[in-house]
Amino acid sequence: MDQYQIAVIVGSLRKDSFNRKLATALARLAPPDFHFTQLRIDDLPLYNQDDDAHPAPAVLRLKTEIAQSQGLLFVTPEYNRSIPGVLKNALDHASRPYGQSAWGGKPAGVIGVSIGAIGTAMAQQHLRNVLAYLDVPTLGQPEAFVQAKDGLFDEDGNIGEASRQFLQGWVEKYVAWVKQHAKL
């Protein structure tokens, strides 16, 4: 059986992040041949092109983990109607130096959760624009703009009953997308 290694990039550093919880819960909905690893991005220095020739160890680790994956899952909050700076910093680091991007060709899913009624719609759109430039084939449908409300997660951190069917369907489409586009 083929194993799919999925690099999960959570765009929040907060310990009790709704998006980290969502990433963990979504992984539980995936089939057993999918293994999800949340990548660390909190230790990356701010991107500076002067450092391209000698990237920090954290940058090399990030690029290696992405290269070893067959797919990407971006789970992002929305800050000021866009993606968080820490996520953009990770995107920039792993795409540089020019011509040596770790992202290219990796199939991705984009999702996020927020307390706002529109979820993370704007952040997801901005992220999709960046991913298009980075040559990351991104699942277009279904879109998932998840609102953090009571019952989204159960007491064990799983997706709650009211949202489980929708998010299970999203995961199934994501899995099919990765299988269609991944290079094993």
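**Helix packing and its surroundings**

H2 and H3 are roughly perpendicular to each other, a label used for angles of 65 to 115 degrees, whereas those under 35 count as roughly parallel, those over 145 as roughly antiparallel and the rest as oblique. This is a predicted model, in which local features need pLDDT of at least 70 and side-chain atom pairs count only at pLDDT 80 or more, while totals for chains, interfaces and linings use all residues. Residues are numbered from 1 along each chain as its sequence is written, and side-chain values use heavy atoms, with hydrogens and water left out.

The axes of H2 (residues 57-67) and H3 come within 9 Å and cross at roughly 80°; axes are lines fitted to C-alpha atoms, for helices over the stretch in contact, and angles between N-to-C directions run from 0 to 180 degrees. Helices (H or I, at least four residues) and strands (E, at least two) are DSSP runs, numbered from the N terminus. On the H2 side, Val-59, Leu-62, Lys-63 and Ile-66 meet Ala-90, His-93 and Ala-94 of H3, where contact means heavy atoms within 4.5 Å. By class, five of the residues in this contact are nonpolar, one is polar and one is charged; Ala, Val, Leu, Ile, Met, Phe, Trp, Tyr, Cys and Pro count as nonpolar, Asp, Glu, Lys and Arg as charged, and the others, Gly among them, as polar.

A pocket, on a 1 Å grid over the protein atoms alone, is an open set of points where a 1.4 Å probe fits, with protein on both sides within 12 Å along at least five of seven lines, and lining residues have an atom within 4 Å of a point. About 260 Å³ of space lies in this largest pocket, the volume being the space filled by probe spheres set on points joined across faces, edges and corners. The lining has 14 residues, with Ser-95, Tyr-98, Ser-101, Tyr-133 and Leu-134 nearest the centre, and by class it holds six nonpolar, five polar and three charged residues.

Another cis peptide bond joins Gln-141 and Pro-142, with omega about 5°, and Pro-142 is found in the loop between H4 and strand S5 (145-147). In the loop between strand S3 (71-75) and H3 sits Asn-80, whose phi is near 50°, a positive value in a residue other than glycine.
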